[in-house]
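Please load the model in a viewer and keep the selection tool at hand. The stops below are given in the order in which they may be selected.

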Amino acid sequence: MSTAKTGDTVAITYTVTNEAGTVVGGTQEQGPQLIELGSAQIFPQIEEALTSMEVGNEQKVTIDAEHAFGPRRDELVIDIPRDNLPADAQPQPGMTLTAQQQDGQQMQLTIVEVGDTAIKADGNHPLAGEDLTFDLTLVEIKQAA
């Protein structure tokens with residue numbers, strides 16, 4: 001049986017859990033994901049695990065927070081005066097906003113608290129600060145030409 005190698009496109013299924021064992025992502029709803037090995041489409045640790053796997057193989061890979069979405073950064077939790085929001089805005093916790101940074105890049109913010117004069121928004125990735133465990137299954141290998 002052949003094994004996956006750099007340049008191959010592989011179909012994988014996976015479930016991602018955090019340190020508490022809570023499922024925080026995966027392919028359960030959309031089905032297998034296609035990845036070209038060596039193209040940096042997924043964490044390097046996952047690519048490394050997939051390389052040399054055979055169809056049907058399963059593997060568990062844990063990625064520490066530093067190498068996943070980085071540590072949580074308190075400076076990315078900011079207060080935004082309600083005056084800076086559109087007049088018809090009705091912010092709610094959990095809603096996302098897009099803000100432009102000083103360097104012109106856009107940043108996703110999640111509203112975490114709504115007050116009378118300001119809202120608190122978090123620019124951290126929702127999984128920042130979390131070690132993540134991927135339960136991988138290699139479903140198919142489409143070998144490079």
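The model is predicted, so local features need pLDDT of at least 70 and side-chain atom pairs count only at pLDDT 80 or more, while totals for chains, interfaces and linings use all residues. Residues are numbered from 1 along each chain as its sequence is written, and side-chain values use heavy atoms, with hydrogens and water left out.

**The sheet**

Select the four strands in the order β5-β8-β7-β6, which form an open sheet with antiparallel pairing. Strands here are DSSP E runs of at least two residues, helices are H or I runs of at least four, and both are numbered from the N terminus; two strands pair if DSSP finds at least two bridges between them. At the edges lie β5 (77–81) and β6 (96–100), each pairing on one side only. From one strand to the next, the twist averages 45 degrees (axes are lines fitted to C-alpha atoms, and angles run from 0 to 180 degrees between N-to-C directions).

Next, select β6 together with β7 (residues 106–114): the two run antiparallel and are joined by 5 bridges. For one of the contacts, pick T96, whose bridge partner in β7 is T110.

**The largest pocket**

Now select E75, L76, I78, I80, A99, Q100, Q101, M107 and L109, which line the largest pocket (an open set of points on a 1 Å grid over the protein atoms alone, where a 1.4 Å probe fits, with protein on both sides within 12 Å along at least five of seven lines; lining residues have an atom within 4 Å of a point). β5, β6 and β7 each give two or more residues to this lining. The volume of the pocket is about 160 Å³, taken as the space filled by probe spheres set on the points.

**The aromatic rings**

Finally, display the rings of Y14, F43, F69 and F134, which ring pairs link into a cluster (centres within 6.5 Å; planes under 30 degrees apart are stacked, over 60 edge-to-face, the rest tilted). The whole structure holds 3 aromatic pairs. F43 and F69 are edge-to-face, because their centres are 5.5 Å apart and their planes stand at 80 degrees. F43 lies in the loop between β3 (33–36) and α1 (44–50), and F69, 26 residues apart from it, in the loop between β4 (58–63) and β5.

Is F43 buried or exposed? F43 is buried, with a relative accessible area of 17%, whereas F69 is partly exposed at 34% (buried is under 20%, exposed over 50%, partly exposed in between, with a 1.4 Å probe and protein chains only).

Notes:
Rings of Phe, Tyr and Trp (its six-membered ring) pair if their centres lie within 6.5 Å; planes under 30 degrees apart count as stacked, over 60 as edge-to-face and the rest as tilted.
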